[in-house]
Amino acid sequence: MKFPGTCIVCNQKIEINEMGLWAKGIGVKHEKCASKEVKELKCIICGGPAGCQKCEFFDDCDRESVSELCVCKKCSDSKDSFIAYQNAVKKNFALLNLKTN
Amino acid sequence: MMWSEKHRPKKIIDMVGNEEARKSFVDWLVKWKKGAKPVLLVGPPGIGKTTLAQLAAKEFEYDLIGLNASDVRNKANIEEVLTPLLGNVTLLGKPMIFVDEVDGIHGRADFGGVEALIKILKEPTVPIILAANSAQSDKMKNIKKATKPIFLKPLPPRLLGLYLQKVLKEEGATLGPGATIKIIIESRGDIRSLLNMAQAHVTGFDPQTEKSFKTLNIDAAINAFFKAKSKEEAQVVLYSLRIDPREKINAFYSSIVSSNLQSKDLAKMLDIISEADMLYGKIMRTQEWRLLRYLDNILLRLYEENLPVQFSQYNLSWPLLNRLRWDGRTIKALGALLAKKFHVSQSTIATFYLPYILFCIKNKKLEMEFSPEYNEIIQKEIGLIK
C-alpha cells in the first residue's frame, strides 16, 4: 500500500508497504481477508444459502456478477426441481405472475 | 428449429433468473403513466432483454414497435418513425417502443440520432424500453440519465444446469455429465449460448460444441459449417458466429474460390455470395441494419453435404499469390524501365503497353535490350501469351 487504510472486512489497520486490495468507491482489504470472503448466493426454492463453497461450479461462477438467486444442491437434486423453481418464483415474486393478479 | 427459439418463454414468469430485475421491470410497467422515465435494460447478450420486452408487450397488451440501433442512428429517421407514434396514440392502438442495442451507436455511425432519442426519452407519451449490452460509454451516460436502468445479469451455472435439464427432458435428449458441465461453464450465464451448444451437441455435431461459438475462430467455424452433417447443424454454427458481416462474407468467399469445386457448384455458390454482398452493400448504403437478419439465411444456402470446402484466408490459389508477390515485383521494376524509354507513366506501361511490347518481342517485330535479371520474367510472360 502506498497509503495506510482500514480493512473493510476485519476493520484492522493496513500499513504502508503492506499488501492490500483496493477498489475505487469500495475501499481496501487485506489480501488474506479478501481470500476468506466468499459471497454466498441464496437458494430461491428453500430460501437457505445456495452452498457456494461446496458447489461444483465454485471456480466458474462469478458470484459478484451473476443473478443473485440460485438453487442449492439439495433442491436441484430433488424431483421436478425446475417446477419447484417456477413455483418459488411465483411465490416470492407474485408481481411477475400477471394472470393471477 | 433452433432450441433457443423453440423454448423461448411464453410468459415473464416462465423466464429463468434475474428475478429481482424482472420484478423491477414489471413494477415499472404496472405503474407506468405518461411522462414516466423510460426503462433501460442493461446486460450481456442472451439473457433475455428482448424476450422480456416482447413478453411484457404481449402480457400487457401493447403493440410492440421494435427498432434497433440502425433506426436510431439518424435524426430524420427517428422523427419519421417515432413522432407519429408519440403524437397520436389513439389512432395507432397501444404502442410500446423497444429500441434494441442502443449502445451499438457510436462514433461516426451516429448521425444525430442519440441526441434526438434523448430528447424523446425526456418526454415519453408511450412506454419506451431500451436495451443495451453495456452502459459504460459516454453516450450511454446521457441515455442512462434520461432512463431508469435495470441491470440483468448472467445466470449462475447451477441454475443454468436446472434449466438445461428441463429442456433436455422436453426434447427427450440426454447429455453426459462431462458435456453438461462443459456446456454450462462455457455458456457463461448466456441462455441462448447454452441452448445452441446443447442442441449442437445433441444433434451429433461433436468437435466444435466443446467451445462457445462466440470464441470459435473464423477458420474453425467455416470448416465446421461445411463439415456439418445437416443443414440444422450448419445453421447453428452460422447463427452463433457473431463477427463483422464483411469479415463473414469475405471468409466464405475466399474459402470457396480457393477450394476445388466443380464449375457448376462454384457458380451457384458465387451467386449466393454476391447476393449476400449486395445485401451488405444495401445495409451500408441505407444504414438499415435491420436487414442484417437476412444475411445468415442467404449464407446458409451455401451449405450442401460433402462439399470439399475448407477455410482459406486468401482468395487466390497459393501458386498465383506467390507469382503475384515475386514476379509482380520484377514486372514493376521492368515497367519503370520501359516507362522511361517510352516516355509514359508506369501505370500506362503496365496497363496498355506491356502486353503489346511482349507480343512484338515474341513475333520478333521489336528488338530491345534488357539487363539479364529481366530475361527470365520476359520469357515467362511471353510464354503466357496465347
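1. Among contacts in chain A between residues at least 6 apart in sequence, what percentage join residues at least 24 apart? The figure is 29%, where two residues count as in contact if their C-beta atoms, placed from the backbone, lie within 7 Å. For chain B, 74% of the contacts between residues at least 6 apart in sequence join residues at least 24 apart.

2. On the basis of the note: this is a predicted model, in which local features need pLDDT of at least 70 and side-chain atom pairs count only at pLDDT 80 or more, while totals for chains, interfaces and linings use all residues. Residues are numbered from 1 along each chain as its sequence is written, and chains are lettered from A and ligands numbered from 1 in the order in which they are written.

3. Chain A contains 3 helices and 6 strands, and along its sequence these follow the pattern β-β-β-β-α-β-β-α-α; chain B has 17 helices and 5 strands. Helices (H or I, at least four residues) and strands (E, at least two) are DSSP runs, numbered from the N terminus. Buried residues make up 22% of the 101 residues in chain A and 34% of the 386 residues in chain B; a residue is buried if 20 or more other C-beta atoms lie within 10 Å of its own, exposed if 12 or fewer, and partly exposed in between, with C-beta atoms placed from the backbone.

4. In chain B, an open sheet of 5 strands runs in the order β2-β3-β4-β1-β5 with parallel pairing, two strands being paired if DSSP finds at least two bridges between them. Strands β2 (63–67) and β5 (148–151) of chain B stand at the edges with a single partner strand each, so one side of each is left without a neighbour in the sheet. Neighbouring strands of this sheet are turned by 20° against each other on average, direction ignored.

5. Within that sheet, β1 (residues 39–42) and β4 (residues 128–132) of chain B pair in the parallel sense over 4 bridges, and B:Val39 stands opposite B:Ile129 in β4(B). Helix α2 (residues 19–30) of chain B packs on the sheet and touches β1 and β5 of chain B, its direction making about 150° with that of β5(B). Helix α3 (residues 49–59) of chain B also packs on the sheet, touching β1, β2, β3 (95–99) and β4 of chain B. Axes are lines fitted to C-alpha atoms, for helices over the stretch in contact, and angles run from 0 to 180 degrees between N-to-C directions.

6. Leaving aside neighbours within four places in sequence, B:Leu41 is in contact with residues including B:Lys49, B:Leu52, B:Ile129 and B:Ile150.

7. The axes of helices α15 (residues 318–342) and α16 (residues 346–362) of chain B come within 9 Å and cross at roughly 90°. The helices α15(B) and α16(B) are therefore roughly perpendicular to each other, a term for angles of 65 to 115 degrees, whereas those under 35 count as roughly parallel, those over 145 as roughly antiparallel and the rest as oblique.

8. The contact between the chains takes 24 residues from chain A and 24 residues from chain B. On the side of chain A that touches chain B, the largest share, 5 residues, comes from α3(A).

9. B:Trp289 lies in the loop between α13 (263–286) and α14 (295–300) of chain B, and counts as partly exposed because it has 19 C-beta neighbours inside 10 Å.
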